[in-house]
Amino acid sequence: MKPKRALSNIYIALIMLFLYAPMLVMVVFSFNGTSSTGVLDDFSTKWYSELLKDSVTLQALSNTLILAVTSSLIAMVLGTAAAVGIHSMKKKWLKTSVLTVTNIPMVNPEIVTGVSMMLLFVFVGRLVGKSDVLGFPTLLIAHVTFSLPYVILSVLPKLRQTDRHLGEAAQDLGCPPVTAFFKVILPNISSGIISGLIMAFTLSLDDFIISYFVSGPKFQTLPIVIFSMTKKKVKPDMYALSTLIFLAVLLLLVLMNIMQARAEKKEKKAQSARL
Amino acid sequence: MKKTSLTAKLVNAPYIVWSILFILAPMIMVVYYALTDRDGNFTLSNLTSLSEYTETFGRSIWYAFLATVICLLLSYPLAYIMARSKASRQRTLMMLIMLPMWMNFLIRTYSWITILNNTGILNTLFEAIGIGRVQMINTPGAVILGMVYNFLPYMVLPIYSVMCKLDQSLIEAAQDLGCNGRAVLKTVIFPQSLPGVISGITMVFVPSVSTFYISQKLGGGKFMLVGDAIEMQFQSAYNYNLGAALSLVLMLMIVICMLIMNRFTDNSEEGAMLF
């Protein structure tokens with residue numbers, strides 16, 4: 001059994017090396033003394049201070065955050081409402097067709113989604129006689145659209161797990177439908193809504209391909225700035241920023257991991273206590 | 001009761017309108033632009049001129065196919081090892097595999113240039129140990145490596161999630177009945193993990209076949225893929241009609257591939273979803 005174990009450890013190590021090699025390059029070169037991303041020089045932290053002065057990058061970073069917050073919140077509200085509506089649909093054909101349409105942005109290659117929305121915006125822009133339609137509104141529409149299926153598909157299973165009669169019971173006891181929804185149904189599906197929101201937020205933060213086609217020069221997100229930079233030469237302060245983001249994500253994931261482990265331990269204890 | 005169904009219908013309305021406007025209408029736009037010329041007159045010339053792109057389509061499918069196969073071969077043992085390790089180890093590995101997905105893929109792909117370059121890290125290493133310089137950047141191999149690197153987690157996660165649900169007693173039963181390791185894998189483990197494999201294959205194949213950034217950066221623009229052709233029509237050649245025709249064919253191609261794949265498993269819906 002032992003050599004097999006060692007073999008699987010080596011295998012995992014190799015895969016991790018493959019996955020993390022470029023990240024390592026990024027971190028190492030963010031401390032490079034020169035502006036080269038190919039040859040190492042002295043150790044320096046100047047790119048981190050340079051980052052604070054790089055107004056284009058910082059502007060793009062704040063644009064990205066604004067877009068991610070607004071689009072994920074809109075997607076959360078629209079998507080939750082949609083999931084509730086889809087769940088209560090009686091006609092089977094209607095339900096299937098709505099779900100099929102919902103799936104389109106998930107199955108379509110991103111480039112096709114991006115291009116198709118760009119065509120729509122350009123077409124409408126031509127109808128109303130405007131040539132520069134692409135900007136924050138079009139980005140927002142696109143981001144809400146590609147996030148919606150993820151919100152809907154994470155809320156729907158929670159609705160299915162919720163007892164149908166709970167809402168009815170509340171109404172029988174005199175609760176108006178809307179109050180019944182907020183007091184009875186919503187607490188039951190909140191975990192699905194939250195995970196949908198988180199997913200929508202991260203998808204929006206990281207999206208490049210769709211944004212690339214529906215954005216204009218007036219409002220650029222970080223991935224788009226990075227793209228235009230990689231066409232010429234990447235300044236190491238972008239590596240510095242990526243290193244900081246990497247650390248933030250790592251911290252977040254480790255915290256989540258610890259919390260999960262604690263919750264599991266508690267559950268185990270509770271279980272053994274019951275026995 | 002009647003009140004509920006009315007509210008439920010209204011609750012759904014914004015989403016229905018949204019999906020018609022921003023999911024269906026863009027799809028119609030793609031068809032419209034593909035079938036018209038610059039002045040909006042009906043034409044088939046966009047579609048017929050696609051014959052020039054036969055090689056591009058062929059190359060895209062071939063590279064994406066190779067990347068998918070490599071991802072599958074790398075992921076399957078990894079997912080298996082992960083699913084059979086301790087809970088804490090599973091969580092850590094899962095975190096390590098998901099972490100790169102949170103980082104901007106443009107920067108990560110760009111970092112590979114530093115590694116693969118003619119004067120890059122790997123070649124410096126090769127020269128030090130006496131192998132000599134190997135041309136890696138700007139080769140088909142580099143493009144496929146970029147695809148494998150970027151989309152590997154999409155293969156690992158769905159396979160891992162079905163492997164976790166694998167019925168351990170079935171494996172033991174097969175072993176008790178005299179199956180050797182290979183037979184257990186073939187008759188028990190693989191058939192049960194098929195839904196995860198299928199969804200992993202689609203999640204790797206679709207972005208690989210439609211990518212444009214990876215081929216531009218790691219292939220040096222020498223190996224044009226469908227994604228590159230589409231991107232060119234929309235961002236530099238400004239021939240939206242030809243771009244729409246390319247997108248339409250790409251979309252249909254993927255739908256056909258997925259239909260063929262679904263033939264293999266009729267119950268692929270179950271447990272195949274990642275989230």
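User: In which helix of chain A does Gly79(A) lie?

Analyst: Gly79(A) lies in helix α3 of chain A. A helix here is a DSSP run of H or I with at least four residues, a strand is a run of E with at least two, and both are numbered from the N terminus. Before we go on, this is a predicted model, where local features need pLDDT of at least 70, side-chain atom pairs count only at pLDDT 80 or more, and totals for chains, interfaces and linings use all residues. Residues are numbered from 1 along each chain as its sequence is written, chains are lettered from A and ligands numbered from 1 in the order in which they are written, and side-chain values use heavy atoms, leaving out hydrogens and water.

User: Is Gly79(A) buried or exposed, and how do you know?

Analyst: Buried means under 20% relative accessible area, exposed means over 50%, and partly exposed is in between (1.4 Å probe, protein chains only). Gly79(A) comes out at 0%, so it counts as buried.

User: Which residues is Gly79(A) in contact with, leaving aside its neighbours within four places in sequence?

Analyst: Contact means heavy atoms within 4.5 Å, and by that rule Gly79(A) meets Leu148(A), Val151(A) and Ile152(A). Tyr150(A) is 71 residues away from Gly79(A) along the chain, yet their C-alpha atoms are separated by 8.4 Å.

User: What about Gly216(A): where is it found?

Analyst: You'll find Gly216(A) in the loop between α9 (209-214) and α10 of chain A. Its relative accessible area is 5%, so Gly216(A) is buried too. Not counting residues up to four places away in sequence, Gly216(A) touches Leu134(A) and Gly135(A).

User: And what makes Leu255(A) fall into its accessibility class?

Analyst: Leu255(A) has 49% relative accessibility, so it counts as partly exposed. This residue lies in helix α11 (residues 236-274) of chain A. For Gly216(A) and Leu255(A), which are 39 residues apart along the chain, the separation is 37 Å.

User: How do you know what span to expect for helix α4 of chain A?

Analyst: The expected span is 1.5 Å times one less than the number of residues. Helix α4 (residues 92-107) has 16 residues, so it should span 22 Å, and its end C-alpha atoms are 22 Å apart, which agrees.

User: Which residues of α4(A) are buried?

Analyst: Val98(A), Val101(A), Thr102(A) and Pro105(A) are. As background, an α-helix has 3.6 residues a turn, so residues three or four places apart point the same way.

User: At what angle do the axes of α3(A) and α10(A) cross?

Analyst: Roughly 145 degrees, for helices α3 (residues 55-87) and α10 (residues 222-231) of chain A, with the axes coming within 7 Å. The axes are lines fitted to C-alpha atoms over the stretch in contact, and angles run from 0 to 180 degrees between N-to-C directions. On the α3(A) side the contact has Val56(A), Thr57(A), Ala60(A), Leu61(A) and Thr64(A), which meet Leu222(A), Pro223(A), Val225(A) and Met229(A) in α10(A). Those residues divide into seven nonpolar, two polar and no charged. Nonpolar covers Ala, Val, Leu, Ile, Met, Phe, Trp, Tyr, Cys and Pro, charged covers Asp, Glu, Lys and Arg, and the others, Gly among them, are polar.

User: What makes a space a cavity?

Analyst: On a 1 Å grid over the protein atoms alone, a cavity is a set of points where a 1.4 Å probe fits but cannot get out, and its lining residues have an atom within 4 Å of a point. The count comes to one cavity of 30 Å³ or more. About 60 Å³ of space lies in the largest cavity, where a volume is the space filled by probe spheres set on the points, with points joined across faces, edges and corners.

User: Which element gives the most to the lining of the largest cavity?

Analyst: That's α1(B), with four residues. The lining includes Phe22(B), Ile23(B), Pro26(B) and Met27(B), along with Ile104(A) and Pro105(A). By class, it has six nonpolar, four polar and no charged residues.

User: How many helices and strands are there in chain B?

Analyst: Twelve helices and zero strands. Of the 275 residues of chain B, 50% count as buried.

Notes. 1 Å grid on protein atoms, 1.4 Å probe; cavity = no way out; pocket = protein on both sides within 12 Å on 5 of 7 lines; lining within 4 Å.
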